[in-house]
Amino acid sequence: MKPAPFRYADPRSVPEALEVLAAEEGAKVLAGGQSLLPLLSMRLAAPATLVDLNRVPGLDTVEVTGDGVRVGALVRHAGLLTHGGAARVQPLLARATANVAHPAIRNRGTTVGSIAHADPAGEMTSVLALTGGSVTVASPSGERVVGWRDLFVGPLETSLPAASVVTSAFFPALPPRSGTAFAEVARRRGDYAVCGAGVVVTLDEDRRVAAVRASYVSVGLTPEVHDLTDAVAGSPVEKADWAAAGALARTLVEPDGDLHASADYRRLLVGVLTERTLTSAADEAVERTPA
Amino acid sequence: MTVSVDTERTVRLTVNGVPREATVPVRRLLSDALRHDLGLTGTHVGCEHGVCGACTVLVDGAPVRSCLVLAVQVEGASVTTVEGLARDDGRGGQVLHPVQEAFRECHALQCGFCTPGFLVTIAAGLEARDAAGEITDEEVYDLVGGNLCRCTGYANIKKAVRHAAATMAISAETAAGPPAISAETAAEGGER
Ligand SMILES: Cc1cc2nc3c(=O)[nH]c(=O)nc-3n(C[C@H](O)[C@H](O)[C@H](O)COP(=O)(O)OP(=O)(O)OC[C@H]3O[C@@H](n4cnc5c(N)ncnc54)[C@H](O)[C@@H]3O)c2cc1C
Ligand code: FES
Ligand code: FES
(Lines give C-alpha, C1' and ligand atoms only; values in the text may rest on other atoms or scores of the structure.)
(Ligands and ions follow the chains in the order given, each with its own letter.)
Protein backbone atom coordinates (compact mmCIF):
# COMPACT_ATOMS: atom_id res chain seq x y z
CA MET A 1 0.00 0.00 0.00
CA LYS A 2 0.94 3.67 -0.11
CA PRO A 3 1.41 5.98 2.87
CA ALA A 4 -1.61 8.10 3.83
CA PRO A 5 -1.15 11.78 2.90
CA PHE A 6 1.12 13.78 5.18
CA ARG A 7 2.95 17.09 5.22
CA TYR A 8 6.70 17.20 4.80
CA ALA A 9 9.50 19.46 5.96
CA ASP A 10 13.25 19.08 5.54
CA PRO A 11 14.78 21.55 8.02
CA ARG A 12 18.45 22.53 7.82
CA SER A 13 19.23 22.52 11.56
CA VAL A 14 18.16 20.79 14.77
CA PRO A 15 16.47 23.95 16.15
CA GLU A 16 14.48 24.23 12.89
CA ALA A 17 13.48 20.58 13.19
CA LEU A 18 12.33 21.15 16.78
CA GLU A 19 10.39 24.21 15.66
CA VAL A 20 8.36 22.15 13.16
CA LEU A 21 7.95 19.24 15.59
CA ALA A 22 6.57 21.62 18.22
CA ALA A 23 4.32 23.53 15.83
CA GLU A 24 2.79 20.63 13.93
CA GLU A 25 0.32 18.39 15.72
CA GLY A 26 1.18 14.70 15.13
CA ALA A 27 4.60 15.32 13.59
CA LYS A 28 7.24 12.59 13.47
CA VAL A 29 10.97 12.53 12.80
CA LEU A 30 12.10 10.77 9.61
CA ALA A 31 15.69 9.48 9.61
CA GLY A 32 16.64 6.50 7.40
CA GLY A 33 12.97 5.64 6.94
CA GLN A 34 13.74 1.91 6.97
CA SER A 35 11.31 1.28 9.82
CA LEU A 36 9.02 4.31 9.54
CA LEU A 37 8.22 4.09 5.82
CA PRO A 38 7.15 0.41 6.02
CA LEU A 39 4.85 1.37 8.92
CA LEU A 40 3.40 4.19 6.80
CA SER A 41 2.94 2.00 3.73
CA MET A 42 1.26 -0.70 5.82
CA ARG A 43 -0.91 2.08 7.30
CA LEU A 44 0.15 1.09 10.80
CA ALA A 45 1.14 4.71 11.31
CA ALA A 46 -0.21 7.89 9.75
CA PRO A 47 1.64 10.90 11.16
CA ALA A 48 0.30 14.27 10.01
CA THR A 49 3.77 15.63 9.25
CA LEU A 50 7.20 14.13 8.62
CA VAL A 51 10.22 16.10 9.72
CA ASP A 52 13.11 14.77 7.63
CA LEU A 53 16.51 15.05 9.34
CA ASN A 54 18.50 14.07 6.25
CA ARG A 55 19.36 17.65 5.24
CA VAL A 56 20.61 18.68 8.68
CA PRO A 57 24.40 19.14 8.43
CA GLY A 58 26.75 17.80 11.11
CA LEU A 59 24.72 14.79 12.24
CA ASP A 60 26.58 12.25 10.12
CA THR A 61 29.79 11.94 12.11
CA VAL A 62 31.26 9.14 14.22
CA GLU A 63 33.45 10.55 17.01
CA VAL A 64 35.89 8.14 18.57
CA THR A 65 37.76 8.87 21.81
CA GLY A 66 39.32 6.66 24.46
CA ASP A 67 36.04 6.89 26.38
CA GLY A 68 33.84 5.53 23.66
CA VAL A 69 32.10 6.08 20.35
CA ARG A 70 29.58 8.83 19.67
CA VAL A 71 27.38 8.07 16.67
CA GLY A 72 25.52 10.99 15.07
CA ALA A 73 21.85 10.73 14.13
CA LEU A 74 22.56 10.43 10.40
CA VAL A 75 25.29 7.80 10.55
CA ARG A 76 24.01 4.86 8.51
CA HIS A 77 24.39 1.26 9.68
CA ALA A 78 26.77 0.79 6.72
CA GLY A 79 28.95 3.68 7.90
CA LEU A 80 29.29 2.34 11.43
CA LEU A 81 29.90 -1.19 10.17
CA THR A 82 32.98 -0.12 8.22
CA HIS A 83 34.32 2.45 10.71
CA GLY A 84 37.71 1.10 11.78
CA GLY A 85 38.23 3.55 14.66
CA ALA A 86 34.86 2.71 16.21
CA ALA A 87 35.57 -1.01 15.96
CA ARG A 88 38.89 -0.61 17.79
CA VAL A 89 37.35 1.20 20.77
CA GLN A 90 34.11 -0.79 20.95
CA PRO A 91 34.32 -3.94 18.79
CA LEU A 92 30.73 -4.90 19.61
CA LEU A 93 29.43 -2.12 17.33
CA ALA A 94 30.56 -3.60 14.03
CA ARG A 95 29.92 -7.18 15.20
CA ALA A 96 26.29 -6.39 15.99
CA THR A 97 25.72 -4.07 13.03
CA ALA A 98 26.77 -6.84 10.64
CA ASN A 99 23.56 -8.59 11.74
CA VAL A 100 21.27 -5.60 11.06
CA ALA A 101 19.21 -6.23 7.93
CA HIS A 102 20.60 -6.42 4.38
CA PRO A 103 23.29 -4.18 2.83
CA ALA A 104 20.72 -2.10 0.89
CA ILE A 105 18.84 -1.36 4.12
CA ARG A 106 22.05 -0.67 6.00
CA ASN A 107 22.93 1.94 3.36
CA ARG A 108 19.98 4.04 4.45
CA GLY A 109 18.90 3.03 7.99
CA THR A 110 20.60 4.78 10.89
CA THR A 111 21.97 3.41 14.16
CA VAL A 112 20.31 6.19 16.13
CA GLY A 113 17.01 5.62 14.29
CA SER A 114 16.99 1.98 15.30
CA ILE A 115 17.56 2.99 18.92
CA ALA A 116 14.79 5.63 18.76
CA HIS A 117 12.54 2.99 17.18
CA ALA A 118 13.07 0.74 20.25
CA ASP A 119 12.21 -2.50 18.48
CA PRO A 120 12.88 -5.48 20.81
CA ALA A 121 14.06 -7.31 17.67
CA GLY A 122 16.67 -4.64 16.90
CA GLU A 123 20.33 -5.31 17.62
CA MET A 124 21.48 -1.80 18.51
CA THR A 125 19.10 -1.25 21.42
CA SER A 126 20.60 -4.20 23.23
CA VAL A 127 24.13 -3.07 22.29
CA LEU A 128 23.35 0.33 23.83
CA ALA A 129 22.21 -1.46 26.98
CA LEU A 130 25.11 -3.90 27.18
CA THR A 131 27.71 -1.17 26.76
CA GLY A 132 25.92 1.05 29.30
CA GLY A 133 25.28 3.72 26.67
CA SER A 134 23.10 6.78 26.41
CA VAL A 135 21.53 9.14 23.89
CA THR A 136 21.71 12.90 23.62
CA VAL A 137 18.28 14.41 23.11
CA ALA A 138 17.49 17.91 21.88
CA SER A 139 14.07 19.35 22.70
CA PRO A 140 12.61 22.88 22.82
CA SER A 141 13.62 23.04 26.51
CA GLY A 142 17.27 22.25 25.78
CA GLU A 143 19.63 19.30 25.45
CA ARG A 144 19.95 16.39 27.87
CA VAL A 145 21.55 12.99 28.11
CA VAL A 146 19.26 10.00 28.67
CA GLY A 147 20.78 6.71 29.85
CA TRP A 148 19.55 3.49 28.24
CA ARG A 149 17.62 2.41 31.35
CA ASP A 150 15.51 5.56 31.26
CA LEU A 151 15.05 5.44 27.50
CA PHE A 152 13.28 2.16 26.72
CA VAL A 153 9.72 1.98 28.04
CA GLY A 154 8.20 -0.82 25.97
CA PRO A 155 8.22 -2.35 22.49
CA LEU A 156 8.50 0.54 19.97
CA GLU A 157 8.15 2.95 22.87
CA THR A 158 10.69 5.34 24.41
CA SER A 159 10.39 7.92 27.17
CA LEU A 160 11.14 10.75 24.72
CA PRO A 161 8.53 13.47 24.15
CA ALA A 162 7.20 13.93 20.60
CA ALA A 163 9.01 17.22 20.06
CA SER A 164 12.51 15.85 20.44
CA VAL A 165 15.40 14.81 18.25
CA VAL A 166 18.01 12.28 19.31
CA THR A 167 21.17 13.94 18.03
CA SER A 168 23.58 11.11 18.89
CA ALA A 169 24.06 7.86 20.74
CA PHE A 170 27.11 7.20 22.91
CA PHE A 171 28.58 3.73 23.36
CA PRO A 172 31.27 3.52 26.08
CA ALA A 173 34.57 1.85 25.16
CA LEU A 174 35.21 -1.82 25.83
CA PRO A 175 36.91 -1.82 29.27
CA PRO A 176 40.47 -3.14 29.74
CA ARG A 177 40.96 -6.92 30.08
CA SER A 178 37.57 -7.42 28.41
CA GLY A 179 36.32 -9.17 25.31
CA THR A 180 33.02 -9.07 23.54
CA ALA A 181 31.06 -11.06 20.97
CA PHE A 182 27.71 -11.10 19.21
CA ALA A 183 25.80 -13.89 17.48
CA GLU A 184 22.25 -14.50 16.39
CA VAL A 185 19.95 -17.01 14.77
CA ALA A 186 17.66 -15.71 12.01
CA ARG A 187 15.34 -17.55 9.65
CA ARG A 188 17.00 -16.04 6.60
CA ARG A 189 20.19 -14.08 6.09
CA GLY A 190 19.62 -10.45 7.10
CA ASP A 191 16.25 -11.06 8.72
CA TYR A 192 15.36 -9.92 12.20
CA ALA A 193 16.80 -12.33 14.77
CA VAL A 194 14.73 -15.15 16.24
CA CYS A 195 17.20 -14.72 19.07
CA GLY A 196 20.47 -12.80 19.36
CA ALA A 197 23.08 -12.50 22.09
CA GLY A 198 25.76 -9.95 22.89
CA VAL A 199 28.20 -10.60 25.74
CA VAL A 200 31.10 -8.94 27.54
CA VAL A 201 33.65 -10.92 29.57
CA THR A 202 36.05 -9.10 31.91
CA LEU A 203 39.08 -10.78 33.50
CA ASP A 204 41.16 -9.83 36.51
CA GLU A 205 44.94 -9.38 36.32
CA ASP A 206 45.48 -13.12 36.89
CA ARG A 207 43.19 -13.96 33.97
CA ARG A 208 40.39 -15.17 36.20
CA VAL A 209 36.83 -14.34 35.24
CA ALA A 210 35.80 -11.14 37.02
CA ALA A 211 32.53 -10.26 35.31
CA VAL A 212 30.20 -11.63 32.64
CA ARG A 213 27.27 -9.69 31.24
CA ALA A 214 24.85 -10.48 28.43
CA SER A 215 22.01 -8.83 26.58
CA TYR A 216 19.62 -10.48 24.15
CA VAL A 217 17.71 -9.58 20.99
CA SER A 218 14.07 -10.62 20.40
CA VAL A 219 13.87 -11.72 24.04
CA GLY A 220 11.64 -9.62 26.29
CA LEU A 221 9.87 -6.34 25.58
CA THR A 222 12.76 -3.97 26.26
CA PRO A 223 16.53 -4.53 26.31
CA GLU A 224 17.94 -5.85 29.57
CA VAL A 225 21.42 -6.65 30.81
CA HIS A 226 21.86 -9.93 32.67
CA ASP A 227 24.73 -10.55 35.06
CA LEU A 228 26.05 -14.08 34.54
CA THR A 229 29.17 -13.68 36.69
CA ASP A 230 27.99 -16.06 39.44
CA ALA A 231 28.20 -19.08 37.13
CA VAL A 232 31.93 -18.61 36.43
CA ALA A 233 33.29 -16.07 38.96
CA GLY A 234 36.95 -16.55 39.87
CA SER A 235 37.48 -19.38 37.45
CA PRO A 236 40.74 -19.25 35.42
CA VAL A 237 39.59 -18.17 31.98
CA GLU A 238 40.78 -21.30 30.18
CA LYS A 239 38.79 -23.50 32.60
CA ALA A 240 35.65 -21.37 32.76
CA ASP A 241 32.44 -23.33 32.34
CA TRP A 242 30.69 -21.22 29.72
CA ALA A 243 27.92 -23.79 29.43
CA ALA A 244 27.08 -23.08 33.07
CA ALA A 245 26.80 -19.39 32.24
CA GLY A 246 24.47 -20.33 29.36
CA ALA A 247 22.37 -22.43 31.74
CA LEU A 248 22.16 -19.52 34.19
CA ALA A 249 21.09 -17.18 31.36
CA ARG A 250 18.23 -19.54 30.48
CA THR A 251 16.82 -19.15 33.98
CA LEU A 252 17.00 -15.34 33.85
CA VAL A 253 15.28 -14.52 30.55
CA GLU A 254 11.56 -14.34 29.91
CA PRO A 255 11.11 -14.77 26.16
CA ASP A 256 7.72 -14.74 24.45
CA GLY A 257 6.59 -17.16 21.79
CA ASP A 258 5.34 -15.91 18.42
CA LEU A 259 4.92 -17.02 14.81
CA HIS A 260 8.70 -17.35 14.38
CA ALA A 261 9.66 -19.32 17.49
CA SER A 262 8.16 -20.66 20.70
CA ALA A 263 9.24 -19.25 24.04
CA ASP A 264 10.96 -22.56 24.84
CA TYR A 265 12.96 -22.51 21.62
CA ARG A 266 14.06 -18.94 22.31
CA ARG A 267 15.14 -19.95 25.81
CA LEU A 268 17.13 -22.81 24.33
CA LEU A 269 18.80 -20.40 21.89
CA VAL A 270 19.67 -18.04 24.74
CA GLY A 271 21.68 -20.86 26.35
CA VAL A 272 23.37 -21.95 23.11
CA LEU A 273 24.23 -18.44 21.92
CA THR A 274 25.46 -17.40 25.36
CA GLU A 275 27.91 -20.29 25.53
CA ARG A 276 29.04 -19.73 21.95
CA THR A 277 29.60 -15.97 22.28
CA LEU A 278 31.28 -16.26 25.68
CA THR A 279 33.86 -18.64 24.26
CA SER A 280 34.95 -16.13 21.64
CA ALA A 281 34.60 -13.10 23.95
CA ALA A 282 36.92 -14.88 26.42
CA ASP A 283 39.55 -15.31 23.69
CA GLU A 284 39.44 -11.58 23.03
CA ALA A 285 39.62 -10.80 26.76
CA VAL A 286 42.76 -12.94 27.02
CA GLU A 287 44.35 -11.08 24.09
CA ARG A 288 43.61 -7.82 25.84
CA THR A 289 45.03 -8.92 29.22
CA PRO A 290 48.80 -8.57 29.60
CA ALA A 291 50.32 -11.89 30.70
CA MET B 1 7.86 29.56 10.91
CA THR B 2 10.91 29.72 8.66
CA VAL B 3 10.78 26.10 7.52
CA SER B 4 8.32 25.31 4.75
CA VAL B 5 5.95 22.43 5.36
CA ASP B 6 4.65 21.11 2.05
CA THR B 7 2.14 18.69 0.58
CA GLU B 8 3.61 18.83 -2.92
CA ARG B 9 7.08 19.52 -4.30
CA THR B 10 9.00 19.67 -7.53
CA VAL B 11 11.93 17.28 -7.40
CA ARG B 12 14.99 17.65 -9.61
CA LEU B 13 17.33 14.71 -9.90
CA THR B 14 19.55 12.86 -12.34
CA VAL B 15 18.26 9.48 -13.48
CA ASN B 16 20.63 7.26 -15.46
CA GLY B 17 22.69 10.33 -16.29
CA VAL B 18 19.74 12.40 -17.55
CA PRO B 19 18.45 15.42 -15.60
CA ARG B 20 14.79 14.84 -14.75
CA GLU B 21 12.10 16.73 -12.88
CA ALA B 22 8.72 15.78 -11.46
CA THR B 23 6.09 17.52 -9.36
CA VAL B 24 4.81 15.03 -6.83
CA PRO B 25 2.76 14.82 -3.65
CA VAL B 26 5.29 14.54 -0.80
CA ARG B 27 4.04 11.05 0.08
CA ARG B 28 5.14 9.73 -3.35
CA LEU B 29 7.60 6.83 -2.93
CA LEU B 30 10.69 6.95 -5.12
CA SER B 31 9.61 3.62 -6.65
CA ASP B 32 6.32 5.16 -7.80
CA ALA B 33 7.95 8.39 -8.95
CA LEU B 34 10.30 6.38 -11.17
CA ARG B 35 7.52 4.23 -12.59
CA HIS B 36 4.58 6.60 -12.81
CA ASP B 37 6.02 10.10 -13.00
CA LEU B 38 9.18 9.34 -14.98
CA GLY B 39 7.93 6.36 -16.99
CA LEU B 40 10.78 4.06 -15.99
CA THR B 41 8.96 0.81 -15.36
CA GLY B 42 12.10 -1.34 -15.14
CA THR B 43 12.09 -0.89 -11.36
CA HIS B 44 9.59 -3.41 -10.00
CA VAL B 45 7.48 -3.14 -6.87
CA GLY B 46 6.83 -6.33 -4.95
CA CYS B 47 6.17 -5.94 -1.27
CA GLU B 48 6.38 -2.16 -0.82
CA HIS B 49 7.82 -2.54 2.67
CA GLY B 50 11.47 -3.27 2.15
CA VAL B 51 11.49 -7.05 2.27
CA CYS B 52 11.69 -8.29 -1.34
CA GLY B 53 14.34 -6.05 -2.90
CA ALA B 54 12.64 -5.93 -6.33
CA CYS B 55 12.58 -2.11 -6.19
CA THR B 56 16.29 -1.68 -5.43
CA VAL B 57 17.97 1.22 -7.28
CA LEU B 58 21.26 3.03 -6.77
CA VAL B 59 21.16 6.42 -5.09
CA ASP B 60 24.51 8.16 -5.52
CA GLY B 61 25.97 4.76 -6.31
CA ALA B 62 24.67 2.83 -3.29
CA PRO B 63 21.88 0.25 -3.48
CA VAL B 64 18.72 1.29 -1.62
CA ARG B 65 15.09 0.18 -1.57
CA SER B 66 13.23 2.74 -3.68
CA CYS B 67 10.00 1.82 -1.85
CA LEU B 68 11.61 3.01 1.39
CA VAL B 69 12.70 6.42 0.12
CA LEU B 70 10.41 9.34 -0.60
CA ALA B 71 10.78 10.98 -4.00
CA VAL B 72 11.29 14.36 -2.31
CA GLN B 73 14.32 12.93 -0.50
CA VAL B 74 16.33 12.39 -3.70
CA GLU B 75 16.26 16.06 -4.72
CA GLY B 76 19.69 16.71 -6.24
CA ALA B 77 20.72 13.05 -6.13
CA SER B 78 21.86 10.74 -8.89
CA VAL B 79 19.71 7.63 -9.33
CA THR B 80 20.59 4.57 -11.40
CA THR B 81 17.85 2.11 -12.32
CA VAL B 82 18.11 -1.15 -14.23
CA GLU B 83 17.55 0.87 -17.42
CA GLY B 84 20.86 2.59 -16.71
CA LEU B 85 23.06 -0.50 -16.43
CA ALA B 86 23.67 -1.07 -20.15
CA ARG B 87 26.40 1.01 -21.82
CA ASP B 88 26.60 2.72 -25.19
CA ASP B 89 28.76 0.62 -27.44
CA GLY B 90 30.00 3.68 -29.34
CA ARG B 91 28.25 2.51 -32.53
CA GLY B 92 24.77 3.75 -31.75
CA GLY B 93 23.79 0.58 -29.89
CA GLN B 94 24.15 -0.67 -26.35
CA VAL B 95 26.06 -3.42 -24.58
CA LEU B 96 24.68 -5.16 -21.55
CA HIS B 97 26.41 -4.80 -18.20
CA PRO B 98 28.50 -7.90 -17.35
CA VAL B 99 25.95 -8.81 -14.68
CA GLN B 100 23.12 -8.65 -17.21
CA GLU B 101 25.18 -10.78 -19.60
CA ALA B 102 25.83 -13.27 -16.83
CA PHE B 103 22.12 -13.51 -15.97
CA ARG B 104 21.36 -14.32 -19.59
CA GLU B 105 24.24 -16.75 -19.88
CA CYS B 106 23.40 -18.62 -16.65
CA HIS B 107 19.59 -18.60 -16.96
CA ALA B 108 19.35 -16.63 -13.73
CA LEU B 109 15.79 -15.48 -14.35
CA GLN B 110 12.45 -17.06 -15.08
CA CYS B 111 9.51 -14.66 -14.75
CA GLY B 112 11.94 -11.74 -14.36
CA PHE B 113 9.98 -9.90 -11.69
CA CYS B 114 12.82 -9.92 -9.18
CA THR B 115 15.55 -9.42 -11.78
CA PRO B 116 15.94 -5.60 -11.83
CA GLY B 117 16.56 -5.54 -8.09
CA PHE B 118 19.12 -8.34 -8.27
CA LEU B 119 20.89 -6.73 -11.24
CA VAL B 120 21.47 -3.30 -9.70
CA THR B 121 22.40 -4.75 -6.29
CA ILE B 122 24.91 -7.20 -7.76
CA ALA B 123 26.30 -4.69 -10.29
CA ALA B 124 27.01 -2.13 -7.55
CA GLY B 125 28.40 -4.78 -5.22
CA LEU B 126 30.77 -6.25 -7.80
CA GLU B 127 31.97 -2.83 -8.90
CA ALA B 128 32.72 -1.89 -5.29
CA ARG B 129 34.95 -4.91 -4.69
CA ASP B 130 38.49 -5.54 -5.83
CA ALA B 131 37.84 -7.35 -9.10
CA ALA B 132 41.12 -9.27 -8.96
CA GLY B 133 40.32 -11.35 -5.86
CA GLU B 134 38.24 -14.49 -6.46
CA ILE B 135 34.74 -14.01 -5.09
CA THR B 136 33.99 -15.97 -1.90
CA ASP B 137 30.78 -17.82 -1.03
CA GLU B 138 30.18 -15.29 1.77
CA GLU B 139 30.37 -12.41 -0.70
CA VAL B 140 27.97 -14.15 -3.07
CA TYR B 141 25.46 -14.84 -0.29
CA ASP B 142 25.65 -11.26 0.87
CA LEU B 143 25.06 -9.94 -2.64
CA VAL B 144 21.92 -12.01 -3.20
CA GLY B 145 20.69 -12.41 0.40
CA GLY B 146 18.63 -9.21 0.48
CA ASN B 147 16.49 -10.04 -2.54
CA LEU B 148 13.67 -12.55 -2.91
CA CYS B 149 13.06 -14.68 -5.99
CA ARG B 150 10.03 -16.96 -6.12
CA CYS B 151 11.04 -18.78 -9.31
CA THR B 152 14.66 -19.76 -9.67
CA GLY B 153 15.67 -21.28 -6.36
CA TYR B 154 18.69 -18.92 -6.44
CA ALA B 155 21.17 -21.53 -7.75
CA ASN B 156 21.49 -19.88 -11.15
CA ILE B 157 21.51 -16.39 -9.66
CA LYS B 158 24.51 -17.34 -7.55
CA LYS B 159 26.10 -18.90 -10.62
CA ALA B 160 25.56 -15.62 -12.48
CA VAL B 161 27.22 -13.63 -9.70
CA ARG B 162 30.32 -15.81 -9.94
CA HIS B 163 30.26 -15.63 -13.73
CA ALA B 164 29.97 -11.82 -13.70
CA ALA B 165 32.71 -11.51 -11.08
CA ALA B 166 34.98 -13.62 -13.28
CA THR B 167 34.31 -11.59 -16.45
CA MET B 168 34.77 -8.35 -14.54
CA ALA B 169 38.10 -9.67 -13.22
CA ILE B 170 39.22 -10.40 -16.77
CA SER B 171 38.18 -6.99 -18.09
CA ALA B 172 39.84 -5.31 -15.11
CA GLU B 173 43.01 -7.18 -16.03
CA THR B 174 42.84 -6.06 -19.65
CA ALA B 175 42.27 -2.54 -18.22
CA ALA B 176 39.49 -1.79 -20.70
CA GLY B 177 36.91 -2.74 -18.09
CA PRO B 178 33.33 -1.48 -18.20
CA PRO B 179 32.95 2.07 -16.89
CA ALA B 180 31.78 2.19 -13.28
CA ILE B 181 28.17 3.11 -12.58
CA SER B 182 28.17 6.48 -10.84
CA ALA B 183 30.74 5.65 -8.23
CA GLU B 184 30.48 8.91 -6.30
CA THR B 185 29.65 7.01 -3.15
CA ALA B 186 31.25 3.67 -2.50
CA ALA B 187 28.49 1.08 -2.66
CA GLU B 188 28.21 -1.12 0.40
CA GLY B 189 26.72 -4.03 -1.49
CA GLY B 190 29.76 -6.24 -1.23
CA GLU B 191 30.79 -5.43 2.32
CA ARG B 192 30.33 -7.50 5.40
C1 LIG C 1 13.56 -5.75 5.40
C2 LIG C 1 14.08 -5.07 6.63
C3 LIG C 1 14.86 -5.79 7.51
C4 LIG C 1 15.35 -5.18 8.66
N5 LIG C 1 16.10 -5.94 9.51
C6 LIG C 1 16.56 -5.37 10.65
C7 LIG C 1 17.32 -6.14 11.58
O8 LIG C 1 17.61 -7.30 11.37
N9 LIG C 1 17.71 -5.51 12.72
C10 LIG C 1 17.42 -4.19 12.98
O11 LIG C 1 17.81 -3.69 14.03
N12 LIG C 1 16.74 -3.46 12.11
C13 LIG C 1 16.30 -4.01 10.95
N14 LIG C 1 15.58 -3.23 10.08
C15 LIG C 1 15.28 -1.82 10.44
C16 LIG C 1 16.44 -0.89 10.13
O17 LIG C 1 17.55 -1.23 10.91
C18 LIG C 1 16.10 0.58 10.40
O19 LIG C 1 17.11 1.32 9.81
C20 LIG C 1 16.05 1.04 11.84
O21 LIG C 1 15.24 0.24 12.60
C22 LIG C 1 15.45 2.44 11.97
O23 LIG C 1 16.37 3.41 11.57
P24 LIG C 1 15.96 4.50 10.51
O25 LIG C 1 17.07 5.47 10.47
O26 LIG C 1 15.59 3.85 9.25
O27 LIG C 1 14.71 5.20 11.23
P28 LIG C 1 13.30 5.66 10.69
O29 LIG C 1 12.61 4.54 10.01
O30 LIG C 1 13.44 6.93 9.94
O31 LIG C 1 12.58 5.99 12.08
C32 LIG C 1 12.21 4.96 12.97
C33 LIG C 1 11.54 5.59 14.21
O34 LIG C 1 12.50 6.27 15.00
C35 LIG C 1 12.22 7.67 15.07
N36 LIG C 1 13.51 8.35 14.91
C37 LIG C 1 14.47 8.04 14.01
N38 LIG C 1 15.55 8.83 14.18
C39 LIG C 1 15.26 9.66 15.20
C40 LIG C 1 15.98 10.70 15.85
N41 LIG C 1 17.22 11.03 15.48
N42 LIG C 1 15.37 11.36 16.87
C43 LIG C 1 14.12 11.03 17.26
N44 LIG C 1 13.39 10.05 16.68
C45 LIG C 1 13.95 9.37 15.68
C46 LIG C 1 11.24 7.96 13.96
O47 LIG C 1 10.39 9.02 14.28
C48 LIG C 1 10.49 6.64 13.87
O49 LIG C 1 9.50 6.57 14.85
C50 LIG C 1 15.09 -3.80 8.92
C51 LIG C 1 14.33 -3.06 8.02
C52 LIG C 1 13.83 -3.68 6.88
C53 LIG C 1 13.00 -2.87 5.94
S1 FES D 1 9.05 -3.41 -3.23
FE2 FES D 1 10.65 -2.42 -2.22
S3 FES D 1 11.58 -4.04 -1.17
FE4 FES D 1 9.82 -5.02 -1.98
S1 FES E 1 12.55 -14.91 -11.68
FE2 FES E 1 10.51 -14.90 -11.00
S3 FES E 1 10.72 -14.01 -9.02
FE4 FES E 1 12.75 -14.28 -9.61
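I'll start with one pair: the side chains of A:R95 and A:E284 form a salt bridge, N to O 2.7 Å. By salt bridge I mean a side-chain nitrogen of Lys or Arg within 4 Å of a carboxyl oxygen of Asp or Glu. Between domain 2 and domain 3 of chain A the count is 1 salt bridge.

Some ground rules. This is a predicted model, where local features need pLDDT of at least 70 and side-chain atom pairs pLDDT 80 or more, while totals for chains, interfaces and linings use all residues. Residues are numbered from 1 along each chain as its sequence is written, chains are lettered from A and ligands numbered from 1 in the order written, and side-chain values use heavy atoms, without hydrogens or water.

Next, the domains. Chain A is assigned domain 1 (7-55), domain 2 (62-172) and domain 3 (178-287); the bounds come from an automatic or database domain assignment. The centres of domain 2 and domain 3 of chain A, over C-alpha atoms, are 21 Å apart. Their contact (heavy atoms within 4.5 Å) involves 22 residues of domain 2 and 24 residues of domain 3 of chain A.

Now the area. Domain 2 and domain 3 of chain A bury about 1800 Å² between them, with 63% on carbon and sulfur atoms. Buried area here is the accessible area (1.4 Å probe) that two parts lose on being put together, summed over both. On the domain 2 side of chain A, the residues losing the most area to domain 3 are A:R95, A:P120 and A:L130, together 31% of what that side buries.
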